Amino acid sequence: MSKENCYEVYVCRVDGEIVYIGSGRHGRHKHCNSGCSHVYELNKIHFLANDTIVVTVLHGNLSQQESLWVEKNLIETHKPKFNTRYAKPKQDYIGMKETVMNEFKKSLK
């Protein structure tokens with residue numbers, strides 16, 4: 001794998017529903033089940049729910065530009081509920097982030 005073609009595009013599903021589509025360097029998909037993702041909703045499922053997040057790498061060995069193009073097109077087509085880029089207004093994300101963080105903090109007590 002060359003340095004230029006080390007990007008992947010992946011989808012996260014919960015109960016068969018695509019909830020998040022992402023792209024990044026090879027191995028980036030692992031954040032979905034790590035509990036320390038930048039996607040707060042995936043963390044919530046990881047820590048608070050009994051649901052399993054199924055992650056599938058759809059494309060690999062892409063350039064960064066190719067991976068972003070594929071990711072954008074998939075998000076626009078499927079409109080996953082946890083994607084904020086290309087799919088939701090930023091204001092919705094901010095409110096959702098606060099709610100998820102508050103619930104997460106309560107669960108730690």
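**Note on the predicted model: pocket, sheet and helices**

1. Strand 1 (7-14), strand 2 (17-25) and helix 2 (64-78) each contribute at least two residues to the lining of the largest pocket. Helices (H or I, at least four residues) and strands (E, at least two) are DSSP runs, numbered from the N terminus. Helix 2 gives the largest share of this lining, 5 residues.

2. On the basis of the model: it is predicted, with local features requiring pLDDT of at least 70 and side-chain atom pairs pLDDT 80 or more, while totals for chains, interfaces and linings use all residues. Residues are numbered from 1 along each chain as its sequence is written, and side-chain values use heavy atoms, without hydrogens and water.

3. The largest pocket holds about 310 Å³ of space. A pocket here is an open set of points on a 1 Å grid over the protein atoms alone, where a 1.4 Å probe fits, with protein on both sides within 12 Å along at least five of seven lines; lining residues have an atom within 4 Å of a point. Grid points are joined across faces, edges and corners, and the volume is the space filled by probe spheres set on the points.

4. Of the 20 lining residues, Tyr20, His38, Glu71, Asn83 and Arg85 lie nearest the centre of the largest pocket. The lining comprises 8 nonpolar, 8 polar and 4 charged residues (Ala, Val, Leu, Ile, Met, Phe, Trp, Tyr, Cys and Pro count as nonpolar, Asp, Glu, Lys and Arg as charged, and the others, Gly among them, as polar).

5. The sheet is open, with 3 antiparallel strands in the order 2-1-3. Neighbouring strands are turned by 20 degrees against each other on average, direction ignored. Strand 1 and strand 3 are joined by 7 bridges, and Arg13 stands opposite Val54 of strand 3.

6. Helix 1 (residues 40-48) lies across strand 1, strand 2 and strand 3, at about 140 degrees to strand 3. Helix 2 also packs on the sheet, touching strand 1, strand 2 and strand 3, and its direction makes about 170 degrees with that of strand 2. Contact means heavy atoms within 4.5 Å; axes are lines fitted to C-alpha atoms, for helices over the stretch in contact, with angles from 0 to 180 degrees between N-to-C directions.

7. The structure has 1 salt bridge (a side-chain nitrogen of Lys or Arg within 4 Å of a carboxyl oxygen of Asp or Glu). Glu17 and Lys81 form this salt bridge at 3.8 Å, N to O. Glu17 is in strand 2 and Lys81 in the loop between helix 2 and helix 3 (90-108), so the pair ties together parts 64 residues apart in sequence.

Technical notes:
Pairing = 2+ DSSP bridges.
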